[in-house]
Amino acid sequence: MLTILHGNLLHAPAFGTLETIPHGYLVLEDGVIRGLFPVLPEACAGCPVTDYGESLIMPSFADLHLHAPQYVMMGMGMDLPLLEWLDAYTFRTEARFEDTAYARRVYRQLASDLIASGTTRVSMFSSRHTDATLVLMEELERAGVTGYVGKVNMDRHAGPSQEETAESVAETLRWLESCRFQLVKPILTPRFTPSCSNELMAALGKLAAERDLPVQSHLSENTGEIAWVKELHPDCPQYWESYAKYGLWKDRTLMAHCVYSDEREQRAMAEAGVWAVHCAASNLNLCSGTASVRELLDRGVQVALGSDVAGGDQLDMSRAVVMAIRASKIKQMETGAPFLTVPEAYYLGSTAGHLYFGGGAGFQPGHKLHAIVVDDSAFPEPARELTLPERFERAVYLMERRHIKAVYSEGAERLHGNT
């Protein structure tokens, strides 16, 4: 069945490219994009049209790094550096998710908030708890959020959230056998090298190979963390090698942060097909530093964005896009590297993430629709008529949830009107 969306179409099919179709038509068949047209094709005459008038129809956001149990501690401990923050807040908060009833309440709200803010694809850390992780996956799928969720593994240096090694492996297997979801899939998640013993890392590497599972973790976020990894793995000259020696450094592995990744580490990422997930808000909040996004891209590393809740203090990925732009301007003042433009940062926060999950480049025909509809009529009245690229820029900087009037995920409308 053909359905049609009418409005101002904008998308970023390539890094740095913004394409616009004023008052265009987005034609769908069973939720799959069939084409974008400036004029409604004759073959579509008589088909139902959802008319969004002057609103902006844009690809939705994809968040490739956030910690689901930390949703309840956003805005807490922001004056602490990373390792102290983990001990003072994070591990204690995550221990609470042994209670699946509590997990259900929190994760249902989190899933709803993701859709309301226009995020339809995620790669997400859960806690170490198998049952709570399954609850998280169920609630995301119920809300229409797609992507990956990982049961966190950590058998050392993890406070009250720590597991025994054998328990961690056994519970990971139980979790994998219980994953029966259509839209939300498992991803292996060693928290980071310091929290995983050699035995656990080896077991996860074996699982990744045997079951062809993706992997997500953290890399080179903080100077203290990097020094700690060197103490734990004196045979590894660089942080990334502590993953590589166990088979966890591979195509489509997601590594969050990469703030201190030098040329050798960046080239190792590009050669292996490892993705960098830039989390600008978290890196600034925890005084970790500012990642060299332009350098990563220039060396062939695939880059996407993450909110990194709760090191990042806001769930909305529109804020993550803006923070990536601001962080790149800090980097320009330090090094002279060109900052990220609005279309470039939006690409990283939308298209790049969708591509990681096998989605299309912008509104690419043949792919399920992932989109948001933004009503910018409530923004301050401009002094002159704005072009669509100017309205797009304002939307990226100014949009709040109340401006997002509809959200589409996997071709289905998941939200109709924020309040």
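## How H3 and H4 meet

At what angle do the axes of H3 and H4 cross, and within what distance do they come? In this predicted model, the two axes cross at roughly 30° and come within 10 Å. Angles under 35 degrees count as roughly parallel, so H3 and H4 are roughly parallel to each other. Their crossing is right-handed. On the H3 side, the contact is made by Thr130, Asp131, Thr133, Leu134 and Met137; on the H4 side, Glu171, Arg174, Trp175 and Ser178 take part.

## A closer look at H4

Helix H4 runs through residues 165–178.

Which residues of H4 are buried? They are Thr165, Ser168, Thr172, Trp175 and Leu176. These residues cover an arc of only 95° around the axis, which means they sit on the same side of H4. What covers them includes two helices, H3 (130–143) and H5 (198–211), along with strands S7 (146–150), S8 (152–153) and S9 (184–186).

Now over to strand S6 (residues 119–125), where you will find Arg121. Is this arginine buried or exposed? Arg121 has a relative accessible area of 7%, so it is buried.

Leaving aside residues up to four places away in sequence, Arg121 touches Phe61, Ala62, Asp63, Thr146, His354, Phe357, Gly359, His370 and Glu410. The C-alpha atoms of Arg121 and Leu369 are separated by 12 Å, with the two residues 248 residues apart along the chain.

How values were computed:
Residues are numbered from 1 along each chain as its sequence is written. This is a predicted model: local features need pLDDT of at least 70, side-chain atom pairs count only at pLDDT 80 or more; totals for chains, interfaces and linings use all residues. Side-chain values use heavy atoms; hydrogens and water are left out. Helices (H or I, at least four residues) and strands (E, at least two) are DSSP runs, numbered from the N terminus. The expected span of a helix is 1.5 Å times one less than its number of residues. Buried means under 20% relative accessible area, exposed over 50%, partly exposed in between (1.4 Å probe, protein chains only). The arc is that of the directions from the helix axis to the C-beta atoms. Contact means heavy atoms within 4.5 Å. Axes are lines fitted to C-alpha atoms, for helices over the stretch in contact, and angles run from 0 to 180 degrees between N-to-C directions. Angles under 35 degrees count as roughly parallel, over 145 as roughly antiparallel, 65 to 115 as roughly perpendicular and the rest as oblique. A crossing is left-handed if the near helix is turned anticlockwise from the far one by less than a right angle, and right-handed if clockwise.
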